Amino acid sequence: MWDNPSLRCLPAIAFLYLLSLICSQETGFPGAPQNLKCVTHDLNRTICSWDAASSASHGLTYKICYVNREPSSSECIETEEKRVDVPVTTGSTNIVITTLNASGTPLASETFVLPMENVSFIPFTPQILSLSPDFSTYTLHLKWNDTGSVFQYDLDAHWQIQILHKETMETVTLVNYDSKLTSKDTILSWNWTSDMPLECTSHSVKIRCYINESFFAGRKEWSEWSPIKTVPGKDVDPGNAVVFPEDKVVPVGSNMTFCCLYNEEECIRCMKYGSRSYPVLHLSKGRSAIKVQNVNASNSSGANVWCSLLPDIIAGTVLFVGYAPDKPQNLSCETRTFIIITCRWNPGRPTRLSGHRETQYILSERTSRKNVTCSINELNEKEHHCDFPVYTDQQIYSFTLTASNPLGQAESSLFIDINQRVNLETPDKFTVSINSSTNAHLSWYIPGNLTQIRLLCQIEISNSSSEQLNVSMAGAENSNYRATADALRPYTMYTFRVRCSASEHFWKWSEWSKEQKLMTLETSPARGPDIWRERNPVGETLRVFWKPLLRSEANGEIVSHEVSCCLQETMLQAQDVPVPLNSTEINLGGSDCVISVVAKNRGGSSPPSRISSVDLPSDNVKTELAIATGDGIYISWHSDPSVTCGYTVKWCSSGSEPCSVDWETFPSNATDAVLKSAMFQPGVRYNFSVYGCKHNGYQLLQNIVGYMKELPPRVAPRFTVEETSSDSILVKWEDIPVEDCRGFLRGYVLYFAKGEKGTSKPSFMEEGSPELLVKNITDLTKKSLRILDLQGKTSYRLDLRAYTVGGLGPSNDLYVVTKENSMGLIIAILIPVAVAVVLGVVTSILCYRKREWIKETFYPDIPNPENSKALQFQKNICEGNTALKTLEMNPCTPNSVEVVETQSTVPKIEDTEMKSPVVEYEIPEDGSDPETGSHVVVSYCPPIIEEEEISSPPVDESGESSQVIYIDIQSMYQPQVNLEEEPDVNFLTSAGYKPQMQLSVNAMKMESHSPTEDDLDETAGYRPQANTNAWKLDSPDSPISIESNNENGSFGSPCSINSRQFLIPPKDYEDSPSHNNTGWSFTNFFQNKPND
C-alpha cells in the first residue's frame, strides 16, 4: 500500500508536525494557549476561552480549528480575542489553537480534546425588569424576563430570589421559585410581603437561575446573580419623627414590627405598644424598631404605638386588630308584600372593627344585574338584613351577598322563587264580635299586593284548651279579611288570634295578631245534676244530695236548684234551693215518692234528674275489703240480674262526723270500678255501699271498706304484762282505733331481748342479732301471748308493733323482770352434795379393801430395838447391871478409837470421816500423814453426823501397807462390788469394832470357815454383829429383797449400839429398784394380798 505517493508523504508530515510541537514546548513560546474552559448558556453554542502564557499578546491572532466527531465536521476561525464560539455536540470535540504573529506566521499551536462532560451549562444572568413597592401592604412586586426564547424546547427552570435590607445588605430571606421555559420569552412576577414596613429601611432584591437539563452530560451550574434592585426607605423631615405603619389594620394573632424614623442627631428613649415597653432594635442611624408577637384584638378605637425621643419628642401611630369577615351564614330571602324582598343572614364572628374599617355588604342580583349596598351597623345588630326591590314580571331571583373589610372578604349565594318565599305581614286591626251563644265573627287587615296568591289563615280559639281553625281565601291588595267561628260553648270565655301565609306554596306563617277575648252568651244547662238520697233511720225524712254541674255543662252561672217530690205525676212538695247549697231535706210523711232536681241559670232550666225514695230490704249484706291503687280505690261487687237501671256506689270517710257523702253511678253490666276522688287521702278508711237500682227502688247489695293508700299505723298498741314466772311472761294488748290504723291491720310483731330499764335501745335489737327474738302474731283475734323459755330473775325489754301493708308502726316497749327459779336453786345445791357423798362412800370402800397396802405404804412397822435378838447381850455381861439398856438416850461423849492393822485383804470400799461438833479431827503428834500412816485416830458422835464422801484411792497392789476401813450408815445400803471378781476375804482377820461394815453374803454363808477360839482371841472386843448365822436375810426389815438377785447386802440391826437415832435407810436406797417390797406403786392399789 505504500506504492501510493500520497500515502508515503503522510508519515513525513506527521513526523514534522510532532517535531514542531516538541520544539515549541522546548523553546516555551510565550504566546502558547493554555487552560481551555468551555461554557454553554443556551445548549446550542459553546463559548471557549483560554489563557496565554504571557501577557504580551499585542498583534497576535489565533487560528482555531475544531473537529466534531458526532456529527463529523470541521471548521477554522481566526480571531484576535482569546475566546471562540463553537457549536454544542453530543460527543467530544478536538480544538487546535494556533498562535499567529502579525505576518501570519505560526508561533505556537496547542490541541485540546473537549469532551461534553467538561462543558459547563450556566444560564444567562437574569435581568430584573422592575421592583415596585406597595407600602400599604409591605409588599414588593418583582418582575423579570425568563429568556426562554434562547432554548429550542421546554425546560424546567429554578430561581433563587434573595431579599436584603438595610445599607449593610443583610439577608432577610432566600426564596426558591420554579417556572417552565416555553421557547419564548415570558415575564415572570413574584410578590413578597415583609414583616416590617417598607418605609423603615431599604430593601434589595437579586435573582439567579438554574436549569435542569436531564440530557446534558456536562456540569450544570447556577447563573450569576442579577444586578441588585433596591427600594429605599422613607426619609423624614428634620424635627419630625414618624412611626410606621400608620393606621394599619391587621388580623388577630399577627406578628408586628413597628419602626420609628427620626433625625440622626436625635436619640430614642423607648417604644411602647399599648402600655407595655418593648426592646428597641436599631436598624440604622435614625431608624429603630420593636417587634410585638401575636397581637390581640383591639377595641374600636385601635391600639396606640408610642415612640419617645429625647428630650421631649413623642411620635405614634394606631394599630387596628380584628378579624376578616366570616362567610354570611343562613342567608334567607323572602317577601312580605310583593314589593320588597328582604334578605337576612347571620354575620358570624364579630370582626372587632368599626367605622370605615367595618364589614361592607353588597347584595347583587344576577338576572337583573342590580346591586344594593346594605347599610349595616355591625356592632349593634346580631342578625343583618338588606332589602331588594321586586321587579315586575320577574319571579326568579339569584342573589349573591359579598362581605368585605380591609382583612378580606367572603360571599354567599341564594336562588329563590318569590312565590315560594312569602312571609306575610302580621294581621292588623283584628276584631271579634259575638251575637249568639255558639258563634263569633272575626275581621283583620293585611297590607301588600297579594293579588297573585291565595291566603291560608289560621284562627286560634282557646279557653282551657286551644284549637285551630284554618280558613282559605283569595288575596287582595291592601284589603280586610273576614271569617266566622262556630260550635262554641255557651257562657265561655274565649281568646282569639289569627295568622296567615301563602296557600299554594307554604313557606312560613306570619306573626300572630294581637289577642282578642270575648265570652259567649248563656243558655240553659245541658243536663240535670247527679243526685242521691239518704233516708233517715227513723224513715220520716229524706235528705237529697246533688253535685254541681261542670262549667261546660252548666252553660251559664247556676243560680238555684229546684227540688220536688212527685207521686204518680202529682207534685207533693217543691222547694227552690239557692247555691251554693247542694242538699236539702224532704219530709216524706210516711209515703215514698220520686224526687226530681232541676238546675237553673239565666238562660233557662236543665232537664230534671229523678231518683226514687224507696229502699228495698236487704238480707245478709257482706262487708268486703277494697284494694288500694295508690291514686284510687279498686272495688268489685257481684252482678245482680234484677238490677235494671245501674249501680250506685256511695261512700264517705270513716270516723268523721258528719260524713261527707259522695257517690258515682255505673251501668247495669259493670261489676268493678276504680274510684278516684279529690277527697281521697292516704291512710283514711272509707266505707263504700253498693246499691242496685231496680224498677221499684234501690237495694243495698254490698258494703266495702278500703283505703286509697295504706300507711303504717299512727300509734303503737297499748299492752301490759299480766303474769310473770321464772321462765315465762304473759302479755296482753288492746286494739288500735280504726282512725289510727291507717290501713288494714295485718298483725303484730313482738320483739323481746334482754335489756335493762333506763338504757338506750341495745344494738342487738336490730334485725339479725342472735339475742333478738321475734314473734309475728297474724291472728288478729288473739289479744295475749305467753313468752316461754326465759331465764329466771332476768330483765327483758319487750317491743310491740302493729303493721299494715304500708309498714310497721311505732313501737311501745316495756321492761319486765322474771321471777327467781327456786327449784333450780335447790337442784343446784343437792347435786354437789350428792356427788360428794358418793365420792366419800367409794373412797371409804376402797380404803377399807386396801388397808394393808395403805398401812405398808404410808405407815410401815418399825422394829423395837428392845425386842431385837441381835442386840441381846450375854447374861454374864448384863447380869447384875439392871440399869443397862441398849438404846438409852444419854448425852454423847466423844470416844477415841484407835485401831492398828498390819494388813487387810478386805477391799477398801469407802473412807468416811465422821466429825463431832465437840471434838475436831486431830493430827497425830508425830506429824505423820493420816492417809499413809498406820495409826489413825477417829472421833465419833452418833447423834449428829456430818458426812463427806471421799473418793476411794486405788488399792495398793503390794498389800503390805496397813489401812483402816470405816463404813458409815449410808454405805450399808449402796451397791457393792461383785465379789465374784474379788479374791476371797477373811473378814475375821479384821480386828476392832465395825458395826457399820458391809460384808458379802457369800462370806456369811461359808460353812468351811467357822470361827475358832483362837480366832476370837485375836479379834478380842465386842462384836454383836459377827454372828451372821443368826441373821434372817429374808426378813422384811432386811435391805435385801427376797426376789432380788443382788447378793450384796447389809447385815446387823437397824441401829447401832448406844445410838440415839433409828438408822432409817437413806432415800437413795429406797429409790433403788432392788427394794421391790418397799416403796409405793400405783398398781398395788388395785391388787389384793393373798391373806386378804
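A: Aspartate 615 is partly exposed, with a relative accessible area of 34%; buried means under 20% relative accessible area, exposed over 50%, and partly exposed in between, with a 1.4 Å probe and protein chains only. The model is a predicted one, in which local features need pLDDT of at least 70 and side-chain atom pairs count only at pLDDT 80 or more, while totals for chains, interfaces and linings use all residues. Residues are numbered from 1 along each chain as its sequence is written, and side-chain values use heavy atoms, with hydrogens and water left out.

Aspartate 615 forms a salt bridge with arginine 535, with 3.9 Å between the closest N and O atoms; the term requires a side-chain nitrogen of Lys or Arg within 4 Å of a carboxyl oxygen of Asp or Glu. Because aspartate 615 belongs to strand β48 (residues 615-616) and arginine 535 to strand β40, the pair ties together parts that are 80 residues apart in sequence. Helices (H or I, at least four residues) and strands (E, at least two) are DSSP runs, numbered from the N terminus. Arginine 535 counts as partly exposed, at 25% relative accessibility. Through salt bridges that share partners, Arg533, Arg535, Asp592 and Asp615 are joined into one network.

Strand β40 also contains glutamate 534, which forms a salt bridge with lysine 650; here the closest N and O atoms are 3.4 Å apart. Lysine 650 lies in strand β52 (residues 647-653), so this pair ties together parts that are 116 residues apart in sequence. Lysine 650 is buried, with a relative accessible area of 12%, whereas glutamate 534 is partly exposed at 23%.

Arginine 527 pairs with glutamate 553, and their closest N and O atoms are 3.2 Å apart. Glutamate 553 is buried at 17% relative accessible area, and arginine 527 is partly exposed at 31%. The whole structure holds 28 salt bridges.

Aromatic rings come next. A search of the whole structure finds 25 aromatic pairs; rings of Phe, Tyr and Trp (its six-membered ring) pair if their centres lie within 6.5 Å, with planes under 30 degrees apart counted as stacked, over 60 as edge-to-face and the rest as tilted. One of these pairs, tryptophan 532 with tyrosine 698, is edge-to-face, at 5.4 Å centre to centre and 85 degrees between the planes. The pair links distant parts of the chain: tryptophan 532 is in strand β40 (residues 531-535) and tyrosine 698 in strand β56 (residues 697-707), 166 residues apart. Tryptophan 532 and tyrosine 698 are both buried.

Tyrosine 707 is buried at 1% relative accessible area, and phenylalanine 744 is buried at 7%.

For context, the chain has 9 helices and 68 strands, and buried residues make up 39% of its 1092 residues.
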